[in-house]
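Colleague: Could you put the model up and walk me through it? I'm new to this one.

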Amino acid sequence: MKFISASLVLACIATPGFAQGSDDCSTPTPIAGQGTFPYDNTLATTGLEGQSEIFCYAFATSAIDNDVWFDWTSDIDGTVNLTTCSLTSDDTKLAVYPSGACPAVSGGSAIACNDDACGYQSKLEFDAVNGSTYLIQIGNFPGASANQAGSFSIIGDEPIL
């Protein structure tokens, strides 16, 4: 009979959920570098933070429903492309904030936001500094169902001159 370590079993169970976004902006899931990252907001709630951002105003609302949060550490100096295009079929909405604290409920701290850049999926760009951390909010357009887990990618572009 083979025995499996309890810590190995717990790591296998805990890792996927942890890697897919936090429902609370005060405890975002840490990620780093460029690549494709999974998210799952099917059971996420809609918090008060990040709901009143002027950059996020589209189709008569600035809200982002069923949001999950990531704390991304940049590995480049330059323009960063953040997208859910072709990585989910959900109606996504994205926002990026300086890291360090949840965005103010009253708004005004978003660096970038987007809804519907490629069909119902989202894409945005922002300037990043190597080693700096940014708070990423991924959710749905208000009223759209969070019915499928998906992925998002973060890819560096041209360096800032």
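Colleague: What share of the contacts between residues at least 6 apart in sequence join residues at least 24 apart?
Modeller: In this chain 79% of those contacts join residues at least 24 apart, where contact means heavy atoms within 4.5 Å. This is a predicted model, in which local features need pLDDT of at least 70 and side-chain atom pairs count only at pLDDT 80 or more, while totals for chains, interfaces and linings use all residues. Residues are numbered from 1 along each chain as its sequence is written, and side-chain values use heavy atoms, with hydrogens and water left out.

Colleague: And how many helices and strands does the chain have?
Modeller: There is one helix and there are nine strands, taken as DSSP runs numbered from the N terminus (helices are H or I with at least four residues, strands are E with at least two). Along the sequence the pattern reads α-β-β-β-β-β-β-β-β-β.

Colleague: Which strands form the open sheet, and in what order?
Modeller: Four strands form it in the order 2-9-4-7, with antiparallel pairing; two strands count as paired if DSSP finds at least two bridges between them. Strands 2 and 7 stand at the edges with a single partner strand each, so one side of each has no neighbour in the sheet. The twist from one strand to the next averages 25°, using axes that are lines fitted to C-alpha atoms and angles that run from 0 to 180 degrees between N-to-C directions.

Colleague: How many bridges join strand 4 and strand 7?
Modeller: Strand 4, residues 78–83, pairs with strand 7 over six bridges in the antiparallel sense, and Val80 has Phe126 in strand 7 as its bridge partner.

Colleague: Switching topic, is Ser122 buried or exposed?
Modeller: Ser122 is buried, because its relative accessible area is 0% (buried means under 20%, exposed over 50%, and partly exposed in between, with a 1.4 Å probe and protein chains only). Ser122 lies in the loop between strand 6 (112–115) and strand 7 (123–128). Beyond its neighbours within four places in sequence, Ser122 is in contact with residues including Leu82, Thr83, Cys85, Leu94 and Asp116.

Colleague: What about Tyr57, buried or exposed?
Modeller: Tyr57 counts as exposed, because its relative accessibility is 54%, and Tyr57 sits in the loop between strand 2 (35–39) and strand 3 (65–73).

Colleague: Then how much of the whole chain is buried?
Modeller: Buried residues make up 45% of the 161 residues in the chain.
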